[in-house]
Amino acid sequence: MSNKTKKKIGNTIFLVVLLGLTIWTVFKDQDITTIWECLKQISPLYLILGFVLVNLFVCSESVIIRYLFRTVGIHTPLINCIRYSFVGFFYSCITPSATGGQPMQIYYMQKQKIDIPTATIILMLVTIEYKFVLVFVGMALAIFGRDLIHTLTGEVQFFLYLGIGLNVFCVVLMSFLVFLPDTANFFITKGFALLKKIHLMKEKNNRSERLARSMELYKKASIFLSQNKMAIFHTTVLSFVQRFLLFSLTYLVYRALGLHGESAFTITILQAVISISVDMLPLPGGMGISERLYLLIFTPVFGSTLLTTTSLLVSRGFSYYILVIISGIISLIAHLTIREKHDTI
């Protein structure tokens, strides 16, 4: 059995165990029959709206990717970008710290003759903008939302500040790689030379030459993006819209349960707190900790453990579990249908 196969089996076992523990933690003190009766009272219209909302969230990324590709002169159909987005979502959800999404997106982009350096820098910029939204909301909350933060438990506050710190670090590091290509080139080239020197990598198939060509393409894409600041501004705005599509899902569920005491703004920001807190944690899709933080944050809002658990099933069910199934199916279709292109894009 190869190491790759062993790793896949290990990841699958970890995912299944984590899912089992999550389900047990959420339902261990709950009456499943009562929850089911509560779920049946939700109008199908709200369920349809929730389904549309989460799919719009993923598809919004495809609009951003296509926009940035066009900025650097790559014209690819929107349907391809939608497939890239669902592939990225699927592999991000099933790998720790969402590390598997971008490599798989790049893999399928490369199969369609989009060069790896350009694809890499575009996806890095998408990630920077995606995380910048969390940093912006988190910092705004830390500065202007002290009263709201003080209503949260100490555990929630800990994860919130940890999430803000980790996301700030990630945005700064990735911005460094995207917007300082010469410095990035220096470190990557020196790192490659060090790997060769300590015999962890061999010089074969003109690796040094191919690395130099790749870094040149990387530099050109970086410079071009830096010179098109409006493109970055527009896609950052789109990233805000994308994020808040998902954050607003919890308010939709709140209204679906017949509640109306809290404002849409408060519930949306509280959902953002969960995303900020778990985004950089080494858990697939933030599984386990997302559910725990949801119960801690929203039980006072929904007024009872029963309603909070019911809302968790719908909100988290749509925003993670159902999307994993949909994106998994689309990823399988992409794997079966995306073939190597022999013409240039």
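Which residues in α8 meet which residues in α14? In this predicted model, residues are numbered from 1 along each chain as its sequence is written, and local features need pLDDT of at least 70, side-chain atom pairs count only at pLDDT 80 or more, and totals for chains, interfaces and linings use all residues. Side-chain values use heavy atoms, with hydrogens and water left out.

The protein as a whole provides the setting for that question. Its secondary structure comes to 15 helices and zero strands, where helices (H or I, at least four residues) and strands (E, at least two) are DSSP runs, numbered from the N terminus. Of the 345 residues of the protein, 44% count as buried; buried means under 20% relative accessible area, exposed over 50%, and partly exposed in between (1.4 Å probe, protein chains only). Contact means heavy atoms within 4.5 Å. Among contacts between residues at least 6 apart in sequence, 75% join residues at least 24 apart.

The opening question can now be answered. In α8 (residues 154-179), E155, V156 and F159 meet I289, R292, L293, L296 and I297 in α14. By class, this contact of α8 with α14 has six nonpolar, no polar and two charged residues; Ala, Val, Leu, Ile, Met, Phe, Trp, Tyr, Cys and Pro count as nonpolar, Asp, Glu, Lys and Arg as charged, and the others, Gly among them, as polar. The axes of helix α8 and helix α14 (residues 289-302) come within 10 Å and cross at roughly 130°. Here axes are lines fitted to C-alpha atoms, for helices over the stretch in contact, and angles run from 0 to 180 degrees between N-to-C directions. The two helices are therefore oblique to each other, given that angles under 35 degrees count as roughly parallel, over 145 as roughly antiparallel, 65 to 115 as roughly perpendicular and the rest as oblique. The crossing of α8 and α14 is left-handed; a crossing is left-handed if the near helix is turned anticlockwise from the far one by less than a right angle, and right-handed if clockwise.

Helix α14 also meets α15. The axes of α14 and α15 come within 9 Å and cross at roughly 135°, and the crossing is right-handed. On the side of α14, the contact is made by S290, E291, Y294, L295, F298, T299 and F302, and on the side of α15 by T305, L307, T308, T309, S311, L312, S315, R316 and Y321. These residues divide into seven nonpolar, seven polar and two charged. An α-helix has 3.6 residues a turn, so residues three or four places apart point the same way.

Within α8 lies V171, a residue that counts as buried at 12% relative accessibility. Leaving aside its neighbours within four places in sequence, V171 is in contact with I128, K131, F132 and V135.

Another pair of helices is formed by α5 and α6. The axes of helix α5 (residues 101-111) and helix α6 (residues 116-144) come within 10 Å and cross at roughly 140°, and α5 passes α6 in a right-handed crossing. In α5, Q102, Q105, I106, M109 and Q110 meet I116, A119, T120, L123, M124 and T127 in α6. That contact has six nonpolar, five polar and no charged residues.

The buried residues of α5 are G101, Q105, I106, Y108, M109 and K111. They pack against α3 (44-71), α4 (78-93), α6 and α15 (305-337). In the loop between α5 and α6 is K113, whose phi is near 65°, a positive value in a residue other than glycine. K113 is partly exposed, with a relative accessible area of 40%.

V278 has its place in α13 and is buried, with a relative accessible area of 10%. The C-alpha atoms of V278 and L162, 116 residues apart along the chain, are separated by 9.0 Å.
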